Amino acid sequence: MSPLRRRLLFGVPLAMAAVGGVGFYTILRRMQDNDYNPHTLPSPLIGKHPPTFALPGAPGFQGFSNTDLLSPPKPMLVNWFASWCAPCQEEAPMLHKLAASGITIWGIAYEDTPDALAAYLQNFGNPYQRLATDESGLTAINWGVYGVPETYFIDKTGIVRLRYPGALTKEVVQNRLMPLFKQYS
Amino acid sequence: MKIKRLLFALLLVPGLALAQAMVQRDGVILTPAQEHRAETIGSQLRCLVCQNESIEESSAGLAKQLRTIIRQQVVQGVPDKQIMQYMVHRYGIFVLLKPPVSPLTWLLYASPFLALIIGFLVYWLGRRNRAKPVAPLTEAEQARLDELLK
């Protein structure tokens, strides 16, 4: 066996194991940092306008339709949530922070009842400028929502640029949302 | 009169049989054949909530809603392909348990052939580098070997 062959025989598997190890480490690391979720699905809505819909407002709120999202004065977020959803409660403080920093957030309550929704808003506050309700969940299906919370970034031309499924964390806002607000402002 | 009644009853029988044969699933009433079609479609679609189950198997609320939508469309006579497209349009190709052949999945579908080619390459390189078989012994060499082994 030539020295080169011997080196290859030992080196190649070792290199493959090393690359795999580094890859898995990166994935696990980013999962721990809330920066990566392997269950996240890409949305077919990216680069498109939201589908046609018209949803009524929650009691005391103005609802909205797809035409209201056609040309917002500045990039904005549409946040799908529900009073019965635990991760939604987790992300509530982050939504308040974003709203306080001047970002427009419109909410859609998914398969919720007026009473439960009112109680939720009382407990966790209201970061939404408009709040629609999708009681049947059929509009959610047309948007491709597969769980709440989901947050959609919509640019000034009304086009969806990002769908984030799951609670917004500090890392997601810093690494995913803020660059978009800068890019599309 | 009796004959008329009998005829009327006979007319009712197939209708009754048909009515009994209808099944109700996820809020939609359909024939067994339609239900079978719907099940075939649903079992090819991924439940997006519990991602390793099909829509047909899953007990998630969203899966139930999608089952209803599939059945409504089946009853309306929408072709299978169009129902699949309805889902892909909303959830992307991930919703298909069997991914379609597309530029995104070429590598996936080519991987068995790539593995086969790499295997052949390794085999071929190994064979090429193997030392050539030793030439048979000459008569003199054979005699010496016999001498040595005595």
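**Reading the model, feature by feature**

Tutor: Start with a record. UniProt, in an unreviewed entry, lists residues 106-125 of chain B as "transmembrane region". Keep in mind that the model itself is predicted.

Student: What is the helix content over residues 106-125 of chain B?

Tutor: An annotation can be set beside the coordinates. Over residues 106-125 of chain B, the chain is 100% helix and 0% strand. The end C-alpha atoms of that stretch are 27 Å apart.

Student: Which pattern does chain B follow along the sequence?

Tutor: List the elements in order. Chain B reads α-β-β-α-α-α-α-α. That comes to six helices and two strands.

Student: How much of chain B is buried?

Tutor: Of its 150 residues, 27% are buried. Chain B exposes about 11,200 Å², and carbon and sulfur atoms supply 67% of that area. Now look at contacts with a separation of 6 or more: in chain B, residues 24 or more positions apart account for 46% of them.

Student: What order do the strands of the open sheet in chain A take?

Tutor: In chain A the order is β5-β4-β3-β6-β7, five strands with mixed pairing. β5 (130-134) and β7 (160-165) of chain A each have a single partner strand, so one side of each is left without a neighbour in the sheet. Neighbouring strands are turned by 20° against each other on average, direction ignored.

Student: How many bridges join β3 to β6 of chain A?

Tutor: Five, and the two strands run antiparallel. β3 of chain A covers residues 76-81, and β6 of chain A covers residues 150-154. One bridge partner pair is A:L77 with A:F153 in β6(A). Helix α2 of chain A (residues 86-100) packs on the sheet, touching β3, β4 (104-110) and β6 of chain A. The direction of helix α2 makes about 160° with that of β3(A).

Student: Why does A:T133 count as buried?

Tutor: Check the accessibility. A:T133 has 11% relative accessibility, and the cut-off for buried is under 20%, so A:T133 counts as buried. A:T133 lies in strand β5 of chain A. Beyond four places in sequence, A:T133 contacts A:L55, A:P56, A:G57, A:A58, A:A109 and A:L117.

Student: Which residues does A:F181 touch?

Tutor: Leave out residues up to four places away. A:F181 then touches A:P75, A:M76, A:L77, A:I103 and A:F153. A:F181 is in helix α5 of chain A, residues 170-184, and is buried because its relative accessibility is 12%. A:F181 and A:K74 are 107 residues apart in sequence, yet 8.9 Å apart in space, C-alpha to C-alpha.

Student: Which residues touch the most other members of the largest nonpolar core?

Tutor: The general idea comes first. In soluble globular proteins, nonpolar side chains tend to be buried together. Here the largest nonpolar core has 70 residues, and those touching the most other members are A:L69, A:V78, A:W80, A:L98, A:W143, A:L168 and B:L45. Helix α3 of chain B (residues 61-75) gives the most to this core, with six residues. Take A:L168: beyond four places in sequence, its contacts include A:E91, A:M94, A:L95 and A:L98.

Methods
Residues are numbered from 1 along each chain as its sequence is written. Chains are lettered from A and ligands numbered from 1 in the order in which they are written. This is a predicted model: local features need pLDDT of at least 70, side-chain atom pairs count only at pLDDT 80 or more; totals for chains, interfaces and linings use all residues. Side-chain values use heavy atoms; hydrogens and water are left out. Helices (H or I, at least four residues) and strands (E, at least two) are DSSP runs, numbered from the N terminus. Buried means under 20% relative accessible area, exposed over 50%, partly exposed in between (1.4 Å probe, protein chains only). Contact means heavy atoms within 4.5 Å. Accessible areas come from the Shrake-Rupley method with a 1.4 Å probe; for residues, only the protein chains shown count as cover. A nonpolar core is a set of buried Ala, Val, Leu, Ile, Met, Phe, Trp, Tyr and Cys residues joined through side-chain atoms within 4.5 Å. UniProt positions are given in the numbering used here, feature names are shortened, and annotations may be inferred rather than shown by experiment. Two strands pair if DSSP finds at least two bridges between them. Axes are lines fitted to C-alpha atoms, for helices over the stretch in contact, and angles run from 0 to 180 degrees between N-to-C directions.
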